[in-house]
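We'll hop from one spot to the next.

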Amino acid sequence: MKPVLALVGRPNVGKSTLFNRLTKSRDAIVADFAGLTRDRHYGQGHLGAREYIVIDTGGFEPTAESGIYKEMAKQTRQAVAEADAVVFIVDARAGLSAQDHDIANYLRRLGKPCLLVANKAEGMTEGAQLAEFYELGLGAVVPVSAAHGQGVRGMLELALDALPLPAAEDEEAAEDDGSIRLAVAGRPNVGKSTLINTWLGEERLVAFDLPGTTRDAIRVPFERGGQKYSLIDTAGLRRKGKVFEAIEKFSVVKTLQAIESAHVVLLLLDATQGVTDQDAHIAGFILEAGRAVVLAVNKWDAVDAYRREWVQRDIEARLGFLKFANIHYISAQKRQGLGPVWKSITQAHQAAMRKLPTPQLTRVLQEAVQFQTPKRSGMYRPKLRYAHQGGMNPPIIVVHGNSLEGVTEVYKRYLEGRFRKAFDLVGTPLRIEMKTAH
Ligand code: GDP
Ligand code: GDP
């Protein structure tokens, strides 16, 4: 599980600037909450091999009693609750304010690891100007300049070092018994709980009792048609009598972590809503994580023919980057169309785990090159010689040769298509890397 850092501070101290520094991907996930001027953003990054999730929050005024600031304070508290450590940002130029004291009081009572960071400190020496921040009672203040990137790396190291040690990953090890780890992801209200309960209520599916409830990963093991599965929870599932209910309605952090640790993600959409920004963000994250994916459009029973066609076009337009995935149109409530979803899940899993032997890969590569030679780029024409598999889940194909810098994106996509077809790689992202011999 990646640790979670929350960036907290009053408006304009530089939280989003720092957030952008800390996250490589531009594709931050946004939790939309109606009526907010400023949403929570979730992104991910890494420092060397250490990966983390970072949450940017809006302006935080813990004592706000009404209006937008009260709502923003609530959002920030939720982000802080999901975080393993808090980065509290103050403005080195503006100096200490009453709001900073309020926030510090709140954070001190919380008892989570907290790092105090003074932003906009470019050109400042650590002495006098920063001394006043010690008053906050949160220990040493770390000067950074988010805008210029100064001190950010050292600050990140301190924040990651402050984290409690991660729990041993024995859960995952215990599960390497051929189970397909499956995450059902989607916005609030698309029908995740309904689907899971429909599944777990089927007699063809044998659900086992929930393992002990740890803080994060809860997995529901079950078996269907001789295949073992492990359902990774995205919302704090709890068994209540015969049904599972979600403790929290929606947690972006849990969704991200579930996607990370899954083999296959079932991304659920809502036919009555079409593809929303948040759907597209989650889909982008799945692709970035390299996870196998199956799309299911739920509530198909609730829309007419006109709407159905519109939704299909919407998916093509907005989720075109997942066109390697199978799409199903289902009704979790009416139990319609669910069988084929299972077939796609196992197919996607097999594709993600497929072994691609070097001789076959090389043959497919050479046939592809014969059919269509890459264009000359500069002085040289790229020479694609052989290919081998560089990884699984997602499959990575490493192409070896000379002058491969000149291989265009278009040509790479052409190769991807040939490899996908030859190895029946449906439902999994596929990465192709070029390795030039020198
Ligand atoms: P947020 O409201 O806390 O997310 O703050 P923003 O990231 O939007 O930044 C607020 C303002 O501070 C913007 O005008 C930024 O350009 C500026 N800013 C952010 N970081 C720095 C910094 O390191 N130095 C200086 N001088 N300005 C900064
Ligand atoms: P979750 O937040 O993603 O877990 O969504 P829920 O499972 O709580 O479902 C949200 C709402 O959608 C509930 O009112 C469900 O009854 C309704 N719903 C779920 N599946 C379907 C479906 O297949 N068709 C229709 N018409 N409604 C559904």
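This is a predicted model: local features need pLDDT of at least 70, side-chain atom pairs count only at pLDDT 80 or more; totals for chains, interfaces and linings use all residues.

Residues are numbered from 1 along each chain as its sequence is written, and chains are lettered from A and ligands numbered from 1 in the order in which they are written.

**Ligand 2.** Select it and show its surroundings: 17 residues, each with its C-beta atom, placed from the backbone, within 6 Å. Gly191, Lys192, Ser193, Thr194 and Gln333 are the closest. Now colour helix α7 (residues 192-201), the top contributor to this shell with three residues. Helices here are DSSP runs of H or I, at least four residues, and strands are runs of E, at least two, numbered from the N terminus.

**Helix α11.** Next, select 339-353. Which residues of α11 are buried? Trp342, Ser344, Ile345, Ala348, His349, Ala351 and Ala352, buried meaning 20 or more other C-beta atoms, placed from the backbone, within 10 Å of a residue's own. They pack against β8 (180-185), β10 (219-224), β14 (264-270), β15 (292-298) and β16 (327-329), with contact taken as C-beta atoms, placed from the backbone, within 7 Å.

**The three-stranded sheet.** Finally, pick out the open sheet ordered β17-β18-β19, with mixed pairing. Zoom in on β18 (residues 396-402), which runs parallel to β19 over six bridges. There, Val398 sits opposite Glu433.

Notes. The expected span of a helix is 1.5 Å times one less than its number of residues. A residue is buried if 20 or more other C-beta atoms lie within 10 Å of its own, exposed if 12 or fewer, and partly exposed in between; C-beta atoms are placed from the backbone. Two residues are in contact if their C-beta atoms, placed from the backbone, lie within 7 Å. Two strands pair if DSSP finds at least two bridges between them.
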